[in-house]
Amino acid sequence: MHTGQLLGSGRTADVYALDGSWVLRRYRDPADTTRELAVMAYVGAFGFPVPRIGTPAEGARPTDLVLQRLSGPTMAEALLAGSLDAAGAAALLARLLRELHAIPPRVSTDPEDCVLHLDLRPENVMLTDRGPVVADWSTAAEGPPGLDRAMSALTLARTALDPEFPAGAEVRALLRALLAELDEEGGASLTDLTLARTRQQKSPYLSARERGCLRGAVDLVIGCAPRR
Ligand SMILES: Nc1ncnc2c1ncn2[C@@H]1O[C@H](COP(=O)(O)OP(=O)(O)O)[C@@H](O)[C@H]1O
Ligand SMILES: [Mg+2]
C-alpha cells in the first residue's frame with residue numbers, strides 16, 4: 001500500500017499523509033486496534049473532538065488506521081514555539097479532561113467510571129483551525145476520572161524532571177497551572193498518582209531514564225498542587 005509523506009511519529013506509531021483529507025496511522029509493532037477505533041467512534045458521537053475514522057484501502061495491514069488528516073501544530077509544538085502559554089495550555093488540557101469524563105462509560109456498569117484517555121498530554125492534542133483535536137487513543141480505558149488526571153500530571157512532572165528535556169521550567173509551570181485548573185474536581189490524589197506511577201513503570205515505551213524520574217515525579221505533582 002502506498003504511504004505518503006511522514007507527518008508525525010510518536011512512541012508507537014508513524015502517521016503518513018494519504019491525501020489532503022486522510023492519514024495512515026501505522027503501528028511500528030502491530031497492535032489490535034478494534035477497541036481504539038470503538039472508543040474514538042463512541043466519544044466522537046458525543047461531540048468530543050477526535051479525528052474522523054476512514055476506511056482502510058485494499059492491501060492495508062489489519063492494524064492500520066485511516067484517520068482524518070489534521071493540520072496545525074500539536075499543543076507541545078505550540079508551547080515550544082511560544083504561540084501558546086502555560087495558562088492557556090493548562091486550561092485547554094483541563095477542559096478536555098473534564099469534557100471526556102462527562103461522557104458515560106461505554107462498557108463499564110460502574111456509574112463512577114468514565115472513558116479515560118490515559119495519555120492526554122500536549123503531544124497528543126492537535127490545534128487545528130476548528131479547535132483542538134485529541135489523537136492517540138491506544139491507551140484508552142474505563143475507570144475513575146482521577147486516574148486520567150493523575151496520568152496527565154505525572155507525565156508532565158516526569159518530563160519536567162527529565163535532564164534531557166530542554167524546557168523543564170516551562171513544563172513545571174504548565175503542571176502547576178493544570179493542577180490549579182483541576183483542583184475543583186479533585187486534582188491528582190496520592191492514590192491515583194500511585195496507580196498512574198505503576199502503569200507508567202510498566203510501560204514498554206518509557207526509557208530507563210524516564211522510569212528513573214517517576215518517583216520524583218509523584219513528589220513534584222504533590223508539591224505543585226494548590227494548598228488546601
Ligand atoms: N490525524 C492526524 N493528522 C495529522 N497528524 C497526526 C494525526 N494523528 C497524529 N498525528 C501526528 O503524528 C504524531 C504521532 O501520532 P500519535 O497518534 O500520537 O502516535 P503515538 O502513539 O506514536 O504517539 C502526533 O504527535 C502528531 O504530530
Ligand atoms: Mg502520541
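Reader: Where does Thr 63 lie?

Author: In the loop between helix H1 (34-45) and strand S4 (65-68); helices (H or I, at least four residues) and strands (E, at least two) are DSSP runs, numbered from the N terminus. Quick housekeeping: this is a predicted model, where local features need pLDDT of at least 70 and side-chain atom pairs count only at pLDDT 80 or more, while totals for chains, interfaces and linings use all residues. Residues are numbered from 1 along each chain, chains are lettered from A and ligands numbered from 1 as written, and side-chain values use heavy atoms, without hydrogens and water.

Reader: Why does Thr 63 count as buried?

Author: Buried means under 20% relative accessible area, exposed over 50%, and partly exposed in between (1.4 Å probe, protein chains only). Thr 63 has 14% relative accessibility, so it counts as buried. Leaving out residues up to four places away in sequence, Thr 63 touches Arg 25, Tyr 27, Pro 30, Ala 31, Asp 32 and Thr 33, where contact means heavy atoms within 4.5 Å.

Reader: And what makes Ser 207 partly exposed?

Author: Its relative accessible area is 30%, so it falls in the in-between class. Ser 207 is found in the loop between H6 and H7.

Reader: How do you know that the buried residues of H6 line one face?

Author: The buried ones are Asp 192, Leu 193, Ala 196 and Gln 200. Seen down the axis of H6, they fall within an arc of 100°, so they line one face of the helix; the arc is that of the directions from the helix axis to the C-beta atoms. They pack against helix H4 (145-161), helix H7 (208-212) and helix H8 (214-224). The face turned away from that buried side carries the exposed residues Leu 190, Thr 191 and Lys 202.
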